[in-house]
Amino acid sequence: MRELIVATPVDAVEFNDVYRNTTGSAGYMACNNIYNRVVLNEWYDINPHADLATHWECLDGARRWRFHLNKAARWQDGVPLTAHDVAYTHSHAKKMGYTGGMFLDDVVDIVEVDNHTVDYHLSTPNSGFLVMLGNFIFAHILPAHLYEGTDWATNPHNLKPVGSGPFRLVDWTPGEAVVMEAVKDHWGPQPEFDRLILKIVPDRDECVRMVARGEAHVVPQDTLTKDRMHLLEGATHAELVTFEGPGMALLDFNHAHSFWQDERVRRAVAHAVDRAPIDALADPGVSRSWPHYLLGSTEWAFNPDAKAPEHDLAKAEELLNEAGVARDADGSRGSLRMFYMDTFHGHLPLAQIVSDSLGQLGFDVSFEGLTSVDWAAKIRDAHDFDLIIVGGSMAPDPEITRTKYSSTGKNNMAGHRNPDVDAAYEAARSATTLAERGEHYKRLQEVWARDTEWVPLFWYGMYFPRTTNHFGFSDQLGWSVPWWHWGRVRPIEK
């Protein structure tokens with residue numbers, strides 16, 4: 001029996017990320033191999049690829065998008081996959097406020113034209129809609145015949161998923177492994193492996209050592225650290241594949257609190273951030289300290305003049321005093337609570353750097369890493385924080401960021417309410433050419449920098465320890481499949 005083994009530190013919670021997000025967990029990765037999306041749009045390619053849809057049309061000036069589904073598509077229980085599955089999944093997720101509706105806020109109706117054709121009707125033109133529909137795991141399609149009429153929170157198929165992808169779940173032993181097997185006679189490309197095993201190894205160093213020893217084939221990682229990559233040295237059948245990442249780590253404020261609604265306070269924090277220790281985290285050619293409000297790799301939309309304030313403690317002190325945030329007799333300006341998602345453990349050193357920087361201004365900053373479930377409850381739902389360090393995908397299209405920074409964004413956990421930001425997003429979505437859209441996004445970056453909406457910190461890198469005895473990983477296939485999809489990986493004949 002041929003097995004592909006993935007070593008990963010974070011166990012699954014469930015297997016339905018359309019319901020709620022468990023970013024970076026084994027469940028999150030498993031879903032990318034169990035389910036399909038309508039289209040695929042990965043980080044390094046702005047052009048969409050076919051998945052459930054074989055082709056599509058932009059209609060009514062980008063107010064309507066029509067998708068023609070693959071008539072061969074089947075659920076793993078043999079039931080045909082139809083337009084009803086697509087319409088139900090995304091309509092219900094949007095109606096209930098589930099994660100799958102996060103990028104569908106401009107969708108007013110999803111119409112089943114026939115069994116294999118579905119139309120998405122939008123409230124306004126959106127030339128970036130394909131990126132929103134295909135870039136994230138939350139857009140997976142669920143089987144309507146197993147979910148319709150049920151409470152998603154308690155549906156047993158969250159733990160026993162039935163997907164349309166190349167692998168089916170056969171066993172999950174919490175704390176040990178998620179085991180999937182290839183779907184025989186799959187309607188799409190047939191996997192080359194009989195089993196896909198996600199081994200849960202909390203020790204991240206050990207994950208890498210397993211690849212070096214040949215006990216695992218790949219370690220998925222999307223954090224910004226490089227500290228354990230030396231563990232591959234001397235491995236004869238393994239390599240470290242690195243790329244500049246598709247996003248950045250950034251510092252955001254709780255704009256819902258009056259304290260952070262004063263731009264002078266936000267700018268003071270930005271001036272306080274010492275970038276010298278952030279520079280020390282960088283890996284030339286892979287990651288870097290980054291003061292800009294968009295990645296330079298998105299050349300068509302990048303504004304090099306929009307930058308965060310430079311490190312200047314004297315200016316920070318001046319701004320805080322002007323804003324009435326003075327030190328007390330002991331030199332203190334009070335305490336602040338900062339959080340990051342501990343799945344992205346590389347945010348820990350950034351949290352320490354920010355805490356130390358704000359300590360220079362008299363703030364006592366505590367920081368804590370949260371699980372993805374606790375993050376959703378405390379940060380996204382309760383907004384119970386002062387500062388957060390978040391990793392945001394910003395490629396291949398800034399439209400992706402709208403859900404976080406527009407006033408009506410479904411993932412606007414920081415409470416942003418800036419009409420100039422909203423106007424820039426709206427103009428970019430209505431533009432018909434990439435050049436026109438780029439100009440509006442350049443204006444968006446000007447506004448972010450002008451108002452210190454958030455503080456860019458680090459353009460993170462991608463590190464993938466993996467075997468050299470296999471081929472078919474995402475980068476080897478022109479980014480036509482998701483990062484955490486291994487249905488095309490195959491042994492190399494030697």
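This is a predicted model: local features need pLDDT of at least 70, side-chain atom pairs count only at pLDDT 80 or more; totals for chains, interfaces and linings use all residues.
Searching the whole structure turns up six cavities of 30 Å³ or more. The largest cavity holds about 550 Å³ of space. Its lining is made up of 33 residues, and Thr23, Gly391, Gly392, Ser393 and Lys404 are the ones that lie nearest the centre. Two or more lining residues come from each of β11, α10, β15 (387–393) and α11. Of the elements involved, β15 gives the most, with five residues. Sorted by class, the lining of the largest cavity has 20 nonpolar, 10 polar and three charged residues. This cavity also draws on both domains: domain 1 (1–236 + 468–493) and domain 2 (245–461) each supply at least three residues to the lining.

The largest pocket has a volume of about 370 Å³. It has 16 lining residues, with Gly97, Tyr98, Thr99, Arg380 and Asp381 the closest to the centre. Here the elements that give two or more residues are α2 (83–96) and α10 (372–381), and α10 gives the most, with five. The lining of the largest pocket splits into seven nonpolar, four polar and five charged residues. Like the lining of the largest cavity, that of the largest pocket takes at least three residues from each of domain 1 and domain 2. Helix α10 turns up in both places, giving two or more residues to the lining of the largest cavity and five to that of the largest pocket.

The second largest pocket comes in at a volume of about 220 Å³. It is lined by 19 residues, and those nearest its centre are Asn36, Asp51, Pro189, His485 and Arg488. By class, eight of the lining residues are nonpolar, eight polar and three charged.

In helix α1 (residues 26–34), nine of nine residues are buried. The buried residues run through Ala26, Gly27, Tyr28, Met29, Ala30, Cys31, Asn32, Asn33 and Ile34. The cover over α1 includes the strands β1 (3–8), β8 (167–173), β9 (177–182) and β10 (195–200). Helix α6 (residues 263–272) has eight of its 10 residues buried. These are Val265, Arg266, Arg267, Ala268, Val269, Ala270, His271 and Ala272, so two arginines and a histidine count as buried under the 20% cut-off. Covering the buried part of α6 are, among others, the strands β11 (238–253) and β16 (454–467) along with the helices α8 (313–322), α9 (347–359) and α13 (434–451).

A charged residue away from these helices deserves a look too. Glu42 sits in the loop between β2 (39–40) and β3 (49–50). With a relative accessible area of 4%, Glu42 is buried. Leaving aside residues up to four places away in sequence, Glu42 touches Arg37, Asn135, Pro396, Trp479, Val481, Pro482 and Trp483.

Aromatic rings round out the picture, with 29 aromatic pairs in the structure. One of them joins Phe259 and Phe363 edge-to-face, at 6.4 Å centre to centre and 85 degrees between the planes. Phe259 is in the loop between β11 and α6, while Phe363 belongs to strand β14 (residues 363–370), so this pair ties together parts that are 104 residues apart in sequence.

Elsewhere, Tyr19, Tyr88, Tyr98, Tyr147 and Trp152 form one aromatic cluster. Tyr98 of that cluster is also among the residues closest to the centre of the largest pocket.

Definitions and conventions
Residues are numbered from 1 along each chain as its sequence is written. Side-chain values use heavy atoms; hydrogens and water are left out. Buried means under 20% relative accessible area, exposed over 50%, partly exposed in between (1.4 Å probe, protein chains only). Helices (H or I, at least four residues) and strands (E, at least two) are DSSP runs, numbered from the N terminus. Contact means heavy atoms within 4.5 Å. Rings of Phe, Tyr and Trp (its six-membered ring) pair if their centres lie within 6.5 Å; planes under 30 degrees apart count as stacked, over 60 as edge-to-face and the rest as tilted. On a 1 Å grid over the protein atoms alone, a cavity is a set of points where a 1.4 Å probe fits but cannot get out, and a pocket is an open set with protein on both sides within 12 Å along at least five of seven lines; lining residues have an atom within 4 Å of a point. Grid points are joined across faces, edges and corners, and a volume is the space filled by probe spheres set on the points. Ala, Val, Leu, Ile, Met, Phe, Trp, Tyr, Cys and Pro count as nonpolar, Asp, Glu, Lys and Arg as charged, and the others, Gly among them, as polar. Domain bounds come from an automatic or database domain assignment.
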